[in-house]
Amino acid sequence: MIQSFPLKCRLWVSYDDDCDKMVYAEGNTFTRGIGFPVTGSFDKDKVMWHIGFVDCNSKDIYAGDIVRVTKGDSIKVYEVKWSQQAAGYYFINNGRYIAINGCAQSHGENFHMLDNVEVIGNIFEHAELLK
């Protein structure tokens with residue numbers, strides 16, 4: 001059975017006054033978080049799509065998120081990225097890759113939860129977590 005989920009995305013917006021903010025799409029416009037529509041063209045690297053999974057706290061996971069992956073006593077931190085070549089999302093840090101499918105556990109009919117994955121930030125606000 002093919003799983004489906006609503007398309008969600010967010011955008012990292014940089015303003016002239018050095019005020020950067022994450023805004024979320026509502027319908028076909030970015031409004032949530034700032035109170036007015038964001039218009040114009042966007043840097044494609046700043047648009048982050050929901051990957052169709054939630055973390056261990058039921059928080060949506062987006063491309064550009066930084067996640068903590070726990071396997072037994074091992075805890076590692078990764079960035080969530082899209083691979084055009086593999087046509088899917090994966091976790092990466094310092095050349096180490098993890099296929100997201102290997103972490104997936106089915107929980108219900110309409111979504112997947114990654115039990116051993118926790119969103120701890122994103123690459124725009126918390127890039128230092130990847131070091």
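Buried means under 20% relative accessible area, exposed means over 50%, and partly exposed lies in between, using a 1.4 Å probe and protein chains only. By that rule Phe124 counts as partly exposed, because its relative accessibility is 27%. Here is a friendly tour of the rest. This is a predicted model, where local features need pLDDT of at least 70, side-chain atom pairs count only at pLDDT 80 or more, and totals for chains, interfaces and linings use all residues. Residues are numbered from 1 along each chain as its sequence is written, and side-chain values use heavy atoms, with hydrogens and water left out.

**Confidence**

- The predictor's confidence in each residue, from 0 to 100, is called pLDDT; its mean over the protein is 76, and 67% of the residues reach 70 or more.
- Helices (H or I, at least four residues) and strands (E, at least two) are DSSP runs, numbered from the N terminus.
- Among the elements of the protein, S12 has the highest mean pLDDT, 95, while strand S10 (residues 105–106) has the lowest, 46.
- Residues 105–111 have pLDDT below 50, and beyond near neighbours in sequence this stretch makes 13 contacts in the model, a contact being heavy atoms within 4.5 Å.

**The sheet**

- Five strands form an open sheet in the order S9-S8-S7-S6-S12, with antiparallel pairing; two strands pair if DSSP finds at least two bridges between them.
- Strand S9 (96–99) and strand S12 (117–122) are the edge strands, each pairing on one side only.
- From one strand to the next, the twist averages 35°, where axes are lines fitted to C-alpha atoms (for helices over the stretch in contact) and angles run from 0 to 180 degrees between N-to-C directions.
- Five bridges join strand S7 (residues 74–83) to strand S8 (residues 88–93) in the antiparallel sense.
- Tyr90 in S8 is the bridge partner of Lys81.

**Aromatic pairs**

- Rings of Phe, Tyr and Trp (its six-membered ring) pair if their centres lie within 6.5 Å; planes under 30 degrees apart count as stacked, over 60 as edge-to-face and the rest as tilted.
- This rule gives a count of four aromatic pairs.
- One of them is Trp12 with Phe124, a stacked pair with 5.5 Å centre to centre and 10° between the planes.
- Trp12 sits in strand S1 (residues 9–14) and Phe124 in the segment after S12, so this pair links distant parts of the chain, 112 residues apart.
- Trp12 counts as buried because its relative accessibility is 8%.
- Tyr90 and Tyr97 make a tilted pair, because their ring centres are 5.2 Å apart and their planes are at 40°.
- Tyr90 is buried, with a relative accessible area of 16%, whereas Tyr97 counts as exposed at 56%.

**The nonpolar core**

- A nonpolar core is a set of buried Ala, Val, Leu, Ile, Met, Phe, Trp, Tyr and Cys residues joined through side-chain atoms within 4.5 Å.
- The largest one has 13 residues, and Ile61, Val67 and Phe91 have the most contacts inside it.
- Two or more residues of this core come from each of strand S4 (47–54), strand S6 (65–71), S7 and S12.
- In soluble globular proteins, nonpolar side chains tend to be buried together.

**Positive phi angles**

- Most residues other than glycine have a negative phi.
- Ser58 is not a glycine, yet has a positive phi of about 60°; this residue is in the loop between S4 and strand S5 (60–62) and is partly exposed at 49%.
- Asn94, also not a glycine, has a positive phi of about 50°; Asn94 lies in the loop between S8 and S9 and is exposed at 66%.
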